[in-house]
Amino acid sequence: MSPSTSPPAVVSNVGWRFPPVRETVLPNAIRLLAYDCPGQFVIAATLVFEVPLAVEPRALEGVAGLAGRLLTQGSGALSAERFADALALCGADLEVVASVDAFVVRLEAPVTKLREALALMAQCVSDPMVAAEEFANEQRLRLDEIEQEKAYPNALASKALNRALYPESSRRSRPAGGTAETVGAIRRDDVVDYVRDRLYPSGTTLIMTGDFRNTDPRALAAEAFGSWAGGGEASSGLGDFPVVSWAPRIVLVDQPAAPQSTLRVAGPAITRADPRWAALFVANYCVGGSFGSRINTVLREQKGFTYGADSSVQTTRDVGVFVVATSVRSDATTEALSDIVTITRDVRGGFSDEEVGRAVTAASESMALGFERASAVAARVELLVSSGLPLDHIDTNLAALRAVTPAAAAEAYRDVIDPATFTIVVVGDRATHADALASLGHGPLADG
Amino acid sequence: MSDVAYSIETLELDNGLRVAVSPDPGLGVVAVNLWYDVGSRHERPTRQGFAHLFEHLMFQGSRNVASGQHMELLHSNGASLNATTSFDRTNYFESFPSGALDLALWLEADRLAYLSDALDQANLDNQRDVVYEERRQRMDNVPYGTSLERLVPLMFPADHPYGHLPIGNMQQLAESSLEEVRDFHSTFYLPSNAVLTIAGDVTADEGFAKAHHYFGPIASGPRPTRSLADPLGPVVDTGVDKISADVPVPAAYLGCRLPKDEPQARELAAAELVLGVLGFGETSRLHRRLVRRDQVASSVSAYVSRMISGNSFGMLTVRIDPRTDLDEVVDAVDEEVRALSVDGPTEDEVQIAIASSEREWFDDMATAAGRADAISQARLLFGDARLVNDYLPMLHSLTADELGKAAADWLTALTRAQVRYEPTGDPG
């Protein structure tokens, strides 16, 4: 029998669920969340300290990031180099990130070396040296990075967007890793204080994911972290709840002779805790959240302005933002922006049944694939913990996704997204674009 | 964990399509992966970049699939998919919940058999524009974005298969025609010139039956003869390409030829590991010397491109402090390479390099897509899918002497191919 000339039917995978959690509390009040991911031999272990970036003193912004860098530069009896050797001999990798909602330490290690790698992870959070010469070198490297970021259009666009979207009073309006001025002002003692005051076991969450058929994650965690004691003043609740800008405007960051313009078009949205989240997620999928979305279809597949254009709803614990992002051929800058504003406005008129049906199937059926890796499971649980969401959020959200109707998607979009108030950021050649952008009719034009 | 072995079964259809199945029943997801034996090394000298442009057109519809429908049908059933073009091959891949296996195979078969039915000038013009923007986004509008494009001609002669990058020459692409797209399809996109791997939630019998059903009826021609370049030794004369560009800090990109992959995979792995000892990660010699001790660099990194036509190549990148002389940094690289080639790495360095490569391997193999890709590579490029199971034992048996020899044989030429960036404008 020859293959048919029409696509074969697809059998749905409705049985998928997020792996179940084994939740326990260690004697030092660390909450352990373990997830079995059979066949995943690289284990992910993530410590989430619910310390928002907003706890940083205004004049010392970047201290959390610098503390994160110093954790891996010597601890216990091991110098920075010996620590790096020990970690590398395990085939392990340790990454520390200070983000808006949490200070996070992520370990990945082969299951056969997990015991040794966890001991190193525990040592670096409980007993970092913060040696003076290491502090000086990490500060130098961070300042170098800040200088180098200025040459990357995407980094410039994100920075300008945050400055435009959030009020000056919000930590989010400024770079997460600090500025040259604030990082330059940090002293070694500031890092020591941050580590002492913010990083303690009580109330901290340890997420472990991977193939635990021959390994007991609780026993290994207790062995590695058991002797670490301490608590302190809770840092949660210190986050900021800024009002995201509702005033239409265009910010132009000059990149002389740029062959492309790097664009951001953004406005306020909602967080994952909002009851409209699933419906807005589906709406975003149709607008710009997929290859076949309206935005990518026009800008890439019809007009060839770009290699790709997408939109996303970026969430933290307290704030969600809708962002369209793309890079377009320089001479298509204003037309692309007009297209984006038009598409995002017209879509308020609603979605077709077919469009929403595809989005719902895509979002729900892709779950199994999205969580194939142990590190992907850990990353999602980290997001839930740092956003203050319940651990069953993935399953309840999946059920909610499957129930989204075209009417619900359109209603959520109309409620939340208002293109007339978008903030637009353009990183490109000012001399070429300034006049056309000023007459686009989308609010005042300012230099970024 | 070095005894981990993946289950792999293979057969060849009558039309020459080589099929591999790696069954993992109960996984819930399946990956389909096709490797075609055509990459930038097969391009005519006047059509550099054509294999990659062609790859874009494979998503623009075929006899029974409308333009854009390939992506849409797979995405809307929960799949992740893409394609990439490299020097040696072009691959097309999708992973999805197991219920979509028939759909994926049907779509892949339709564009292999009947792409030409749907080709039109509008699609060619549109995707050419998209490729121009891909190049601008990834290379022309990014600091150091053209470094590899500048380094490759210092490592390989202009007429060598690896003398240009897969992204190619935009002017030449502008001159290409729809007729050439058709010819390219009928020359290289034949069942006999491809490998199909199905990995994940499927049994071997099911996988073979479905492969036979969807791909068996496709007519093929004879497999194109594979011609490989002769292996070259290390570069002899030093070539330095100095660029003044809009970059934040000065940088040196250094390149060297390396042994080709199978049957020289062991020698290549030794070279890759010793390049790592030199410049990969915080434990590497150059990181310790230039970033930590002398504090003249902000980063050091190393990369290897494993290839089959005569040679592979390696690359080392150092970004330096604007107050530092690039000559000093290049001299330091030379010194460290010489030390490694005379004394070899320490036992700890060997173990660190092996542990790092092992974890990278497990990361790659952690998804059905990763396993399918590794299997397709082994089958298409080296003729034996089961070679994927030989990699870890080989890795663990490498010795300090072999790494030292690879440094002496190959890395000593590392500073003979240099691309140097200096920032334009005021240094600060």
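**Close-up views of a predicted two-chain model**

View 1. Val96(A) has Val105(A), a residue of β5(A), standing opposite to it. This view, like the others, is drawn from a predicted model. Leu94(A) likewise faces a residue of β5(A), namely Leu107(A). Strand β5 of chain A covers residues 103-110, and its antiparallel pairing with β4(A) extends over 6 bridges. Between β4(A) and β5(A) lie 4 residues, and the two strands together form a hairpin.

View 2. In chain A, 6 strands make up an open sheet with mixed pairing, and their order is β1-β2-β6-β3-β5-β4. The edges of the sheet are formed by β1 (21-25) and β4 (93-98) of chain A, each of which pairs on one side only. From one strand to the next, the twist averages 15°. Helix α3 of chain A, residues 114-126, lies across β3 (42-49), β4 and β5 of this chain, and the helix runs at about 160° to β5(A).

**View 3. Strand β10(A) and its two partners.** How much of β10(A) is buried? The strand is mostly covered, with 10 of its 10 residues buried. One of its partners is strand β8 of chain A, residues 260-268, which pairs with β10(A) in the antiparallel sense over 9 bridges. Within this pairing, Ala266(A) has Val323(A) of β10(A) as its bridge partner. β9(A) and β10(A) form a hairpin, with 4 residues between the two strands.

**View 4. An open sheet of chain B.** Chain B contains an open sheet of 5 strands, which has mixed pairing and the order β7-β11-β8-β10-β9. Its edge strands are β7 (239-245) and β9 (297-305) of chain B, and each of these pairs on one side only. Neighbouring strands of the sheet are turned against each other by 15° on average, with direction ignored. Inside the sheet, strand β8 of chain B (residues 251-259) and strand β10 of chain B (residues 311-320) pair in the antiparallel sense, and this pairing takes in 9 bridges. Ala252(B) has Val318(B), a residue of β10(B), standing opposite to it.

**View 5. The contact between chain A and chain B.** How many residues does the contact take from chain A, and how many from chain B? Chain A gives 56 residues and chain B gives 58 residues. On the side of chain A that touches chain B, at least two residues each are supplied by α2 (80-89), α4 (132-149), α10 (294-302), β9 (306-315), β10 (320-329), α12 (353-365) and α13 (367-370) of chain A. The largest share of this side, 6 residues, comes from α4(A). By residue class, the side of chain A that touches chain B divides into 25 nonpolar, 18 polar and 13 charged residues.

**View 6. The nonpolar cores.** The largest nonpolar core has 211 residues, and Met121(A) and Val274(B) are the residues with the most contacts inside it. With neighbours within four places in sequence left aside, Val274(B) is in contact with Leu340(B), Pro345(B), Leu403(B), Ala406(B), Ala407(B) and Leu411(B).

**View 7. Chain A as a whole, as a setting for the close-ups.** Chain A has 17 helices and 12 strands. Its radius of gyration is 24 Å, close to the 22 Å that the globule rule gives for 448 residues, so chain A is as compact as a globular protein of that length. Taken along the principal axes, the box filled by the C-alpha atoms of chain A is roughly 65 × 60 × 40 Å. Of the 448 residues in chain A, 53% are buried. Among the contacts in chain A with a separation of 6 or more, 82% are between residues 24 or more positions apart.

Definitions and conventions. Residues numbered from 1 in each chain as written. Chains lettered and ligands numbered in written order. Predicted model: local features only at pLDDT ≥ 70, side-chain atom pairs only at ≥ 80, totals over all residues. Pairing = 2+ DSSP bridges. Axes fitted to C-alpha atoms, helices over the stretch in contact; angles between N-to-C directions. Contact = placed C-beta atoms within 7 Å. Nonpolar A, V, L, I, M, F, W, Y, C, P; charged D, E, K, R; others polar. Rg over C-alpha atoms; globule rule 2.2 N^0.38 Å. Buried ≥ 20, exposed ≤ 12 C-beta atoms within 10 Å, placed from the backbone. Core = buried A, V, L, I, M, F, W, Y, C linked by C-beta atoms within 7 Å.
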